[in-house]
Amino acid sequence: MTRPLTVLGIESSCDDTAAAVLRGSDILSSVVYGQTDLHAAFGGVVPEVAARAHAEKLDHCIEQAMDEADVGFDDLDGIAVTAGPGLIGGVLSGVMCAKGLAAATGLPLIGVNHLAGHALTPRLTDDVPYPYLMLLVSGGHCQFLIVEAHDRYRRIGGTIDDAPGEAFDKTARLLGLPQPGGPSVERAARDGDASRFDLPRPLLGQPGCDMSFSGLKTALLRARDGVVAQKGGLTTQDQADLAAGFQEAVVDILTRKSRRALEVYAQASPDTPTFAIAGGVAANGPIRSALQTLCDETGTAFMSPPMALCTDNAAMIAYAGMERLRHGQIDDLTLSARPRWPLDDRAAPMLGSGKKGAKA
């Protein structure tokens, strides 16, 4: 019987420093050092602060992950690292660390697309068969992907401006709620009246699966300013009502666009139709509940990873790297950190492109 591969994964694309050890589909360890306290005073992630924290924490994080997994470098078959997309300082910190380890140990180096880590998580947790529909929804990304293989993705829609997680963070700042914005807005919305403010659902009148969240954020700003002008400030109930209205609008957009994406996905005639979600925003309870209901209505299996695997983590990077390693797709020490790296390079750029390539 073939021995299962054992891979060290390293993730540092945004504000979480993470390391994990994976043996086959067994997560032997998964360590995440968050940076919430470092960025709290700024109302969002500061790239330079994040990069410095990654550089300081990566070796400790890796050491802890290997200790918890009870493995040494001699037990590993490869080192997988997020090589993009993400905040370039953080990505570079992880790539240089992984290069150093690979050079010192002689282990294969595998550069991983961070988005592929999220997109392949249903394979890690539930061995979901290809092809499946994936909604990757996070602080920096939002797109519908038909996952056809570990290295083949077809994007059928996504955001043309802000990602939902970014919109949640900005909403929290507008309402005076703490960061990270997603959990704060969700908590506030529990006590709110979502019908009090008439907030828009951009692009729902347009065909296709593309989404927009920038106009929703602007509408929320105007609604907030209207309340402040009338009352001189926001009460706790005002905050709750605005949060509830915003969250319900996001739920409506994602649900209705997901219905259209399922129609496109059905054309691929999958034997076991499956709709999966991943990314930090996938941890939002009302969003998960609405998409579960949609799948129940359409006879589609719904899959969402455990909360710890929805947000950034290194176990997903180790798994995506393991898949590449199995297929002989390894890198050398010329591996570069990439701020942009679309999964479907055949699709037209959604957010424009520049010297560093397509943004998404």
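Student: At what angle do helix α5 and α8 pack, and how far apart are their axes?

Tutor: Keep in mind that this is a predicted model. Helix α5, residues 164-175, packs against α8 at an angle of about 165°, and their axes are 11 Å apart. An angle over 145° counts as roughly antiparallel. That makes α5 roughly antiparallel to α8. The crossing of the pair is right-handed.

Student: Which residues of α5 and α8 make the contact?

Tutor: From α5 you have Ala167, Phe168, Thr171 and Leu175. On the α8 side, look for Gln239, Leu242, Ala243, Phe246, Gln247 and Val250. Sorted by class, this contact has seven nonpolar and three polar residues, with no charged ones.

Student: Now for α7. How do the axes of α7 and α8 cross?

Tutor: Helix α7 covers residues 214-231 and helix α8 covers 236-266; their axes come within 11 Å and cross at roughly 165°. So α7 is roughly antiparallel to α8. This crossing, too, is right-handed.

Student: And what classes of residue are in the contact of α7 with α8?

Tutor: Let's name the residues before sorting them. Helix α7 brings Leu216, Leu220, Ala223, Arg224, Val227 and Lys231, while α8 brings Asp238, Leu242, Phe246, Ala249, Val250 and Ile253. By class, that gives nine nonpolar residues, three charged and no polar.

Student: Let's move on to pockets. How much space lies in the second largest pocket, and which residues lie nearest its centre?

Tutor: The second largest pocket holds about 300 Å³ of space. Its lining has 18 residues, and Asn113, Asp151, Tyr153, Trp341 and Leu343 lie nearest the centre. By class, the lining has eight nonpolar, three polar and seven charged residues.

Student: Which element gives the largest share of that lining?

Tutor: Strand β5 does, with three residues. At least two residues each come from β5 (109-113), α4 (114-126), β8 (152-158) and α11 (315-326).

Student: What should I look for in the backbone?

Tutor: Then look for exceptions. Tyr130 and Pro131 are joined by a cis peptide bond, with omega about -10°; Pro131 sits in the loop between α4 and β6. The bond from Gln179 to Pro180 is cis as well, with omega near 0°, and Pro180 is in the loop between α5 and α6.

Student: What is the phi of Asp70, and where does Asp70 lie?

Tutor: Its phi is near 60°, a positive value in a residue other than glycine. You'll find Asp70 in the loop between α2 and β4.

Conventions: Residues numbered from 1 in each chain as written. Predicted model: local features only at pLDDT ≥ 70, side-chain atom pairs only at ≥ 80, totals over all residues. Heavy atoms only, no water. Axes fitted to C-alpha atoms, helices over the stretch in contact; angles between N-to-C directions. Helix = DSSP H or I, 4+ residues; strand = E, 2+ residues; numbered from the N terminus. Parallel < 35°, antiparallel > 145°, perpendicular 65-115°, else oblique. Left-handed = near helix turned anticlockwise from the far one by under 90°. Contact = heavy atoms within 4.5 Å. Nonpolar A, V, L, I, M, F, W, Y, C, P; charged D, E, K, R; others polar. 1 Å grid on protein atoms, 1.4 Å probe; cavity = no way out; pocket = protein on both sides within 12 Å on 5 of 7 lines; lining within 4 Å. Points joined across faces, edges and corners; volume = space filled by probe spheres on them.
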